[in-house]
Amino acid sequence: MTREAIQPFIRNAWYIAAWSEELDDGLLARTIMNEPIVLYRDADGTPGGLEDRCCHRGAPLTHGTIVEAGLECGYHGLTFDTKGNCVRIPGQKNIPPQARVRSYPVVERDQILWIWMGDPARADETLIIDYPYHDQPGEWPHRKAMFPIKANYMLMIDNLMDLTHLGYVHRQTIGGNPGQHVAADMDTRQTDHGAYFIRWMLDHDPPPTYRKGGKFEGKVDRWQEFEYVGPSIVLQWSGALDVGRGAQEDRNKTGFHLRLLHGATPETETSFHYFWSTANGYRQDDPQATQEMYDEIYPTFIEDKEIMEAQQARVNLDPERALVGIHADSALSLARLSLAKLIEEDRNMMAVAAE
Amino acid sequence: MTREAIQPFIRNAWYIAAWSEELDDGLLARTIMNEPIVLYRDADGTPGGLEDRCCHRGAPLTHGTIVEAGLECGYHGLTFDTKGNCVRIPGQKNIPPQARVRSYPVVERDQILWIWMGDPARADETLIIDYPYHDQPGEWPHRKAMFPIKANYMLMIDNLMDLTHLGYVHRQTIGGNPGQHVAADMDTRQTDHGAYFIRWMLDHDPPPTYRKGGKFEGKVDRWQEFEYVGPSIVLQWSGALDVGRGAQEDRNKTGFHLRLLHGATPETETSFHYFWSTANGYRQDDPQATQEMYDEIYPTFIEDKEIMEAQQARVNLDPERALVGIHADSALSLARLSLAKLIEEDRNMMAVAAE
Amino acid sequence: MTREAIQPFIRNAWYIAAWSEELDDGLLARTIMNEPIVLYRDADGTPGGLEDRCCHRGAPLTHGTIVEAGLECGYHGLTFDTKGNCVRIPGQKNIPPQARVRSYPVVERDQILWIWMGDPARADETLIIDYPYHDQPGEWPHRKAMFPIKANYMLMIDNLMDLTHLGYVHRQTIGGNPGQHVAADMDTRQTDHGAYFIRWMLDHDPPPTYRKGGKFEGKVDRWQEFEYVGPSIVLQWSGALDVGRGAQEDRNKTGFHLRLLHGATPETETSFHYFWSTANGYRQDDPQATQEMYDEIYPTFIEDKEIMEAQQARVNLDPERALVGIHADSALSLARLSLAKLIEEDRNMMAVAAE
């Protein structure tokens, strides 16, 4: 099995542009698919995403100021609304039609700013993934983070879709016994929008975090469920219930539960913004537990960042070079198959848009 | 109005290579138009400019030493005079004719080292701009500085020729009310070598620095005069006189006066050396006033550096992309027109030199 | 005399990959001729050199671990022996034939790890230079170092083959009088594998280090012998004997002796690893003398690094540009002639290997 390590961008899709909380301090500069974007809230709180370049002399709008009329450039004062229209030019009444900047559809939902990088006419909000847990602090208290990673965004999807890396990359942290991870019982399948797997470790000794979090006294049935929703999201639900409680039939019972949202938003062909949030579904009334969960996961994901960046550095030396597939790649391969389909669809949409 | 943001070099012109005081410590390495140059004073004090590369093994001559015979290479001791001729090769009597380095015409005047980057036969010293104020410490005590700026040098000229930026870029420092700057009365015209404007703010409340410097008690007539002398110099004379003293007929009277020299010498296509000097023409016998003037201007020009570098970073993403002109660009546009003429003339001279 | 400053790689030759002591701490990542290599010792101590890129997902093997079966990748656990064969894939029995990484012949001898970058079938160990002094701590106590240098490796050979630089580059350290170095009596000749010279300074006042090291009371006959063994090694023997002891007939007598091994291993076209070892052949039973010798040479070689990096920076601006030869280049020119022959031979060998 051979494939290119560096995948082209898929424009007609929703990506995480920022966590809502990142706009608390004002303007935010973020490059997505090589395009510099200014993310901000208008005077009335509406989020916007504009090309981060004034049409007058090219200055970045992130050097500007939010005023009543919109976003005012910090060089000579041209002002733009969230649609990218220039609404004010100091010293003149007439505003020429070419005085505008590109705007991007931006939707705020579930404490996430979603951005659409393709044809605005196709920016269908119903395509946005629901992630209600962010707004359920009683059931799913959570913490969020963003890591800049110097790798093609698909290396993150690969990483998440092949958990055999846990025993090697995370040997010193959450890894545990490599053999156990390799031997887990896997149910893997293609989905409409990506790929899915669930791994079961039945009649299993709970690791310390699990034991403490779920107040287990004996053995557990443990699962790791991952769903790739192409092109850039992975939804994770990991947990365990006491043996005999019928976990495989219905997991929605008190026990040990973790929910993670992973978003890999391309910055360039060889870098991405890794957004992740982690929710505590086991000791919800204990803020210390949420913090401990975060503090445990953070260094683990730094290990992933390090290995992916090292991997990308090698890939960069010869991006066309073949990789060698192994059995553990099965879910990863389904994700890549799904991606290939999305790339093809996107190419067709872009061709239509260009006509 | 569309134009390229990155302008080609004009070689047949005098540029500021350094302030005289920069050679006090010996050899100075400076890249101009992508050419590494060593600036130095010979044993008798004569300034020279040579290609900063020994013809023997390519070592930079800035690693060398000034000796009686000239500039001695720090690797194997070849020695060159200010014309670039090799005058000594250790271990041999005969000096082959190809043993020479390129020399550049350099002229020291008004505490400025001017360099000619084009055909040496055209290096006419009468073309050098006079700037007598540097040598008039009694009337114009001054301070000099040089900032390296990562932008095409013409972004500096643009900046100086459109003062509406004061209210935005320098909002926290000297900016004041943006509307006032936009509304000032402008007299703008093309000149033989560039463009000129004077802005008058008549019957105007003097800002604090002006009030203190000019000992004004009431309103003033205030002006900002800028002359672009292509390709790389802007001469500035700002000031104010008491209303009723006939400032518009004759400004040469005691009041508040500032003279600035601005030189933007291209280092590469996307970087330049910004030389500026500022002279105190209001409290000449008070060295503290000269220092305070400098301390006020310095952070303001750092703000310009920041916005220009941010602007260039955007321009670099697509240098051919059109900019959108506005009314406030009128003086800037005349400067750019003049530049286009200089580029054309220079192209013709270079073609002749290449024949 | 004109030649290119940046020489092509010669692959069919032995190069110093590392000092043996560099593997004491485990895996070592080193790029040679643009190829990332992991150097390591197997569980039984055998040194190996593999391409530093796992064939599975491209992760660097330097992130891995030495296990009984070989070098285990730190991402998903594939394991390779020193021949580059994959011997284990977690989760599967069958190992596909394409699961392998490139291996390089590596030989450990005289505390040096030698690597062969060309056709493995030609990796004849008898071509490796003998350097027995490293294993003679009683007669030649020594110290080793490695400097990364940003220059084509041949600039190092040039440097060593033209000692007239001593009076200029090392003016503040070991240089002494430039005229004396230029006037030394030289015997220079081509050899089968490179070039050789010996410089004699007869009836000569010994410099302080020599006087102290050799316990001289009067004048000495002093020599500097350098042999270039292409493409990357220079052997140095410097020293002095009392006048009248017949140094020119037989130098193997008690006096002042220094032996240096210089290896310049290409990292890229414009950078190399500079390996050097220096042996004390005058106060062998005094560890302090060995340390002092090292402490004196170290900053001197840093001066060489600085001038070579500055030289390369200039060469990079126009690599094809001609250099101007001088008389002092005679040994350097023989070395470059020899190199040209090696390049030609290597090109022929590579053409055969590609057939």
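Copies of a chain are superposed here by least squares on the C-alpha atoms of residues with pLDDT of at least 70 in both. This is a predicted model, in which local features need pLDDT of at least 70, side-chain atom pairs count only at pLDDT 80 or more, and totals for chains, interfaces and linings use all residues. Residues are numbered from 1 along each chain as its sequence is written, while chains are lettered from A and ligands numbered from 1 in the order in which they are written.

## How the chains are related

Two copies of a chain are related by a rotation about an axis and a shift along it. Take chain C and chain A. A rotation of 120 degrees, with 0.0 Å of shift along its axis, superposes chain C on chain A with an RMSD of 0.0 Å. In chain C, the C-alpha nearest that axis belongs to C:Asn316, and it lies 13 Å away.

Now take chain C and chain B. Chain C is superposed on chain B by a rotation of 120 degrees with 0.1 Å of shift along the axis, and the RMSD is 0.0 Å. These two copies are thus related as by a three-fold rotation axis. For this axis, the nearest C-alpha in chain C is that of C:Asn316, 13 Å from it.

## Where chain C meets chain B

How many residues of chain C are in contact with chain B? There are 20, and they touch 20 residues of chain B. Contact here means that two C-beta atoms, placed from the backbone, lie within 7 Å.

Helices are DSSP runs of H or I with at least four residues, strands are runs of E with at least two, and both are numbered from the N terminus. On the side of chain C that touches chain B, α2 (166-169), α3 (178-183) and α5 (287-317) of chain C each supply at least two residues. The largest share, five residues, comes from α5(C).

What classes of residue make up this side of chain C? It has 12 nonpolar, five polar and three charged residues. Ala, Val, Leu, Ile, Met, Phe, Trp, Tyr, Cys and Pro count as nonpolar; Asp, Glu, Lys and Arg count as charged; the others, Gly among them, count as polar.

## A buried helix in chain A

A residue is buried if 20 or more other C-beta atoms lie within 10 Å of its own, exposed if 12 or fewer, and partly exposed in between, with C-beta atoms placed from the backbone. Helix α1 of chain A covers residues 153-161. Nine of its nine residues are buried, so the helix is largely enclosed by the rest of the structure. Among them are A:Tyr153, A:Ile157, A:Asp158 and A:Met161.

## An open sheet in chain C

Two strands pair if DSSP finds at least two bridges between them. In chain C, four strands form an open sheet in the order β2-β3-β4-β9, with antiparallel pairing. The edge strands are β2 and β9 (103-104), and each pairs on one side only. Strand β3 (residues 35-41) is mostly covered, with five of its seven residues buried.

| Strand pair | Bridges | Sense |
|---|---|---|
| β2(C) (residues 28-32) and β3(C) | five bridges | antiparallel |
| β3(C) and β4(C) (residues 47-51) | five bridges | antiparallel |
| β4(C) and β9(C) | two bridges | antiparallel |

Some partners can be named. C:Thr31 has C:Pro36 of β3(C) as its bridge partner. C:Ile37 is bridged to C:Glu51 in β4(C). C:Leu50 stands opposite C:Ser103 in β9(C).

## Turns and backbone angles

The hairpin of β2(C) and β3(C) has two residues between the strands. C:Met33 lies in this loop. Its phi is positive, about 50 degrees, although C:Met33 is not a glycine. C:Met33 has 18 C-beta neighbours inside 10 Å, so it counts as partly exposed.

C:Asn34 is found in the loop between β2 and β3 of chain C too. Phi of C:Asn34 is near 70 degrees, a positive value in a residue other than glycine. Is C:Asn34 buried or exposed? C:Asn34 is exposed, with 12 other C-beta atoms within 10 Å.

In the hairpin of β3(C) and β4(C), five residues lie between the strands, and C:Gly45 takes a positive phi near 95 degrees.

## Cis peptide bonds

In chain B, the peptide bond from B:Gly230 to B:Pro231 is cis, with omega near 5 degrees. B:Pro231 lies in the loop between β14 (220-229) and β15 (233-242) of chain B. In chain C, the bond from C:Gly230 to C:Pro231 is cis, with omega near 0 degrees. C:Pro231 sits in the loop between β15 (220-229) and β16 (233-242) of chain C.
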